[in-house]
Amino acid sequence: CVIIQIMVRNYIRKTKRQTWDANVMQTALNEIANGMPFKRASKIFNLPLTTLKRRAKGQNKLAKGNSKHLGRCISTLPEEIETSLKNYALEMEDCLFGLTKKDICKMAYQLAERNGIQHKFSRDKKAAGTAWFKEFLRRNPELSFRTPEATSAARARGFNKEAVAKFFYTLEEIMRVHNITDPMRIYNMDESGIQTVPSKVSKIVAHKGRKQVGFLTSAERGQNISIVLCLNATGQFIPPAIIFPRKRHNDLLYQGLPYGTLCLHNESGYMKSDTFVKFLEHFQKHCQSSVDKKVLLILDGHVTHQTVEAIEYCRSNGIIMLSFPPHCTHEMQPLDVAVFSPLMTYYNEELNLWLKANPGKIVTLYNVGPLFGKAYRRAATLNNGLSGFEKTGIFHYNPNILPDWKFKPSCTTDRPMVASTDHTMTTSNGDPLPTTNCEKNAESQREETPSSQLQKPGHSTMKSKKNFVKAKYETSSSETDEWQASGNSSDDVSIFDENESSVSIVSPSQNNLNENKKIVTPFDISPLPVAPPQSRSSRQSKGATVITSSPNYLLAKERLSTRMKTSQATNIARKKLFSKTKANKKKRHEEDDAACIFCCELFSTSAAKEEWIKCNSCQKWAHALCAGVSVGKKAYVCDFCV
């Protein structure tokens, strides 16, 4: 007879035991401690007499005080260690090194082994099972199992408190100096791209058990069309601009667009310098700015926004351009925060509806106008516009709108310079910005730690251990060397060496930790990743910049003159090379059928792989074998010229 024990994951309660309230139980225990009899407390608070006696005398081994526990099964890890594991998972998620299910299960196994806790985890896989993981999530409702969004290392490093503080300081200074208090004079502008295929496919209802489920699209890859949106702090939108990848203007492309849309076209379909100047003219036409009534235009620091033509037009028409710090627009730009996400969702919905209504056809550039027009009318609402400026703290002005946990990824790379060079970030007036908590904590932690103990990020101080955290960013080689949080390049993630000897396990009667023994937490096994100190200074980030300011205008003119000089030098070199090539064509034609000066064999009749060499004195050719020299010899003089 074989008995198979199956663990019930979705247990349905069948009794009414322990239906009392925990607060009522605690009140009753307090009254009993003050001298109230057990029977009287049981009647007054409507609690079982036997339960009340056991709780008051501490005879229940599994449930103490007013806590509830039914059955003989208990959690493998004690509450203190499980809480530390939960906090560790949340800290790692804040630092963008979130733990997977496999990481959590392996960490649970290592915690049980390190702390000498009796467990039934798999010793072959060295990890806890799926049942324990589901119960762990159920016992900790603060945790959720989600699919993360890929975030580049540059964005995680660039979005820091110093950059944000400098932006808000510059914004406040502009609003004070130019007296820009009216929200109708504060604008945000940004570009994005839409395609003829959906950027994201929603979930659908399909056959259960089917391995692959498809969804019809126009093509594998679509054509990109740039859209330019602009709104002010009151939630009002300026008519958008759209850039098609076409050389010539075609009225059929612009049918169905929102009224007043600026229709542009170029070969690539992306924003260019001349295209941006045309948009500035469109923007000034609707905002009615002037030198006496200036407006503030906040946008990203793309190179097409910082040309001399654009700056001169803005300065002559009262447009002050302020750029966001690099890699910060995902949290600080109103259009990115509140408008573009619903716009893309609505546009994908319109694409799918069109494909269903027109079976056998595909979406082309001529269909984009009506589809974008419908999505724009649904997304460009007053509520979305107001919400974008409020959530970013631009209006109403709130520099502390962003919570501290959003800056935790940048704390990973907060490290002091090994050299004594001071690179303190300053404001536009030259005053140093205040030191953030991340920087203070990082410096105090490194002062306590000797330099000999500084390791690669994510490595534990224990011997024969490996870090189970791995940076999964697609960065360049220079960024990877700086940001990589683990030296382990394999795909398998482990807490530490699996060949390491296991810790002895206590007897079955010991279910709790030894009170005299120090508890090993996940932070001891694998500390939070911290970047090592830099031996050299990296290129300083430009930060928030007033693009239309005089220093930036002079810098743009200097860049333009340098580029023109380089272009002129390149053109001259090309002309010389072209004339030299043209003059040498005759010489090469005459030399095509030269004869060897030793054996008199013509080049046209020689073997294909025979090597020839030219005399530097008489400029005549010879077989390399006849001359008795190698082809690689630079200065060759034949025997007749010696």
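Visitor: What percentage of the 642 residues in the protein is buried?

Guide: Welcome! This is a predicted model, where local features need pLDDT of at least 70, side-chain atom pairs count only at pLDDT 80 or more, and totals for chains, interfaces and linings use all residues. Residues are numbered from 1 along each chain as its sequence is written, and side-chain values use heavy atoms, with hydrogens and water left out. Buried means under 20% relative accessible area, exposed over 50%, and partly exposed in between (1.4 Å probe, protein chains only). By that cut-off, the buried share is 38%.

Visitor: How many strands form the open sheet, and in what order?

Guide: Helices (H or I, at least four residues) and strands (E, at least two) are DSSP runs, numbered from the N terminus. Two strands pair if DSSP finds at least two bridges between them; S5 and S6, for instance, run parallel and are joined by 5 bridges. The pairing in the sheet is mixed, and the edge strands, S4 (262-266) and S7 (545-546), each pair on one side only. The sheet has 7 strands, in the order S4-S3-S2-S1-S5-S6-S7.

Visitor: Leaving aside neighbours within four places in sequence, which residues is Leu296 in contact with?

Guide: Contact means heavy atoms within 4.5 Å. With those sequence neighbours set aside, the partners of Leu296 are Leu171, Ile174, Ile180, Arg185, Ile186, Tyr187, Ile320 and Leu322.

Visitor: Which element has the highest mean pLDDT?

Guide: pLDDT is the predictor's confidence in each residue, from 0 to 100. The protein averages 80, and 77% of the residues score at least 70, but over residues 417-432 the pLDDT stays under 50. Among the elements, helix H18 (residues 477-483) has the lowest mean, 36, while the highest, 97, belongs to S5.

Visitor: What feature does UniProt place at residues 25-60?

Guide: In the model, this span is 72% helix and 0% strand, with its end C-alpha atoms 14 Å apart. UniProt positions are in the numbering used here, feature names are shortened, and annotations may be inferred rather than shown by experiment. The unreviewed entry gives "domain: HTH psq-type".
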